[in-house]
Amino acid sequence: MPFGISIWELLILLVVLLLIFGAKRLPEMGRSLGKGMREFKDSVTGVEEAVSTTEPTASTAAPAELPAASSESNAEASASEAESERETVR
């Protein structure tokens, strides 16, 4: 038997579970456990499928080129921003 459990230990465990939870509750617990395991399996395989079907990652894709910034245009942009802020405050 798996995990070193003999048939007698398994029977004793089942009898104790039957006494604690009752005959009606045990099938319900088994169904809910089965549904939970099935949902978990579906979600794990869904994640694996999504990972395998996605486009190349950012590390494998070519990096986007940024336009070269000049210090004059940055100074003019910050001056115009400061001027527009002053106008909105007035």
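How many residues apart are Arg-25 and Glu-28 in helix α2, and what does that separation come to in helical turns?

Author: The model is predicted, and what follows should be read with that in mind. Arg-25 and Glu-28 are three residues apart in helix α2, which covers residues 25-53, so about one helical turn separates them. An α-helix has 3.6 residues a turn, so residues three or four places apart point the same way. Side chains of opposite charge can pair when their charged atoms come close. Here Arg-25 forms a salt bridge with Glu-28, and the closest N and O atoms are 3.4 Å apart. The cut-off for such a contact is 4 Å. The structure holds one salt bridge.

Both partners have intermediate accessibility. Arg-25 counts as partly exposed because its relative accessibility is 43%, and Glu-28 counts as partly exposed because its value is 40%. The class lies between the limits of 20% for buried and 50% for exposed.

Now the preceding helix. Helix α1 spans residues 7-21 and contains Trp-8. With 15 residues, α1 reaches 21 Å from its first C-alpha to its last, close to the 21 Å expected at 1.5 Å a residue. Gly-22 follows α1 and has a positive phi, near 90°. Trp-8 is exposed because its relative accessible area is 64%, against a limit of 50%. Together with Ile-7, Leu-11 and Leu-14, Trp-8 makes a nonpolar surface patch of about 450 Å².

The chain as a whole gives the setting. The protein chain has three helices and zero strands, in the pattern α-α-α along the sequence. Of its 90 residues, 0% are buried. The protein chain exposes about 8500 Å², and carbon and sulfur atoms supply 64% of that area.

The mean pLDDT of the protein chain is 76, and 58% of its residues reach 70 or more. Among its elements, α1 has the highest mean pLDDT, at 91, while helix α3 (residues 71-89) has the lowest, at 61. Where pLDDT is low, the predicted coordinates should not be read in detail.

To return to the pair: Arg-25 and Glu-28 form a salt bridge, and about one helical turn of α2 lies between them.

Methods
Residues are numbered from 1 along each chain as its sequence is written. This is a predicted model: local features need pLDDT of at least 70, side-chain atom pairs count only at pLDDT 80 or more; totals for chains, interfaces and linings use all residues. Side-chain values use heavy atoms; hydrogens and water are left out. Patches are made of residues with over 30% relative accessible area and no salt bridge: like charges are joined within 9 Å, nonpolar side chains (Val, Leu, Ile, Met, Phe, Trp, Tyr) within 5 Å. Accessible areas come from the Shrake-Rupley method with a 1.4 Å probe; for residues, only the protein chains shown count as cover. A salt bridge is a side-chain nitrogen of Lys or Arg within 4 Å of a carboxyl oxygen of Asp or Glu. Helices (H or I, at least four residues) and strands (E, at least two) are DSSP runs, numbered from the N terminus. Buried means under 20% relative accessible area, exposed over 50%, partly exposed in between (1.4 Å probe, protein chains only). The expected span of a helix is 1.5 Å times one less than its number of residues. pLDDT is the predictor's confidence in each residue, from 0 to 100.
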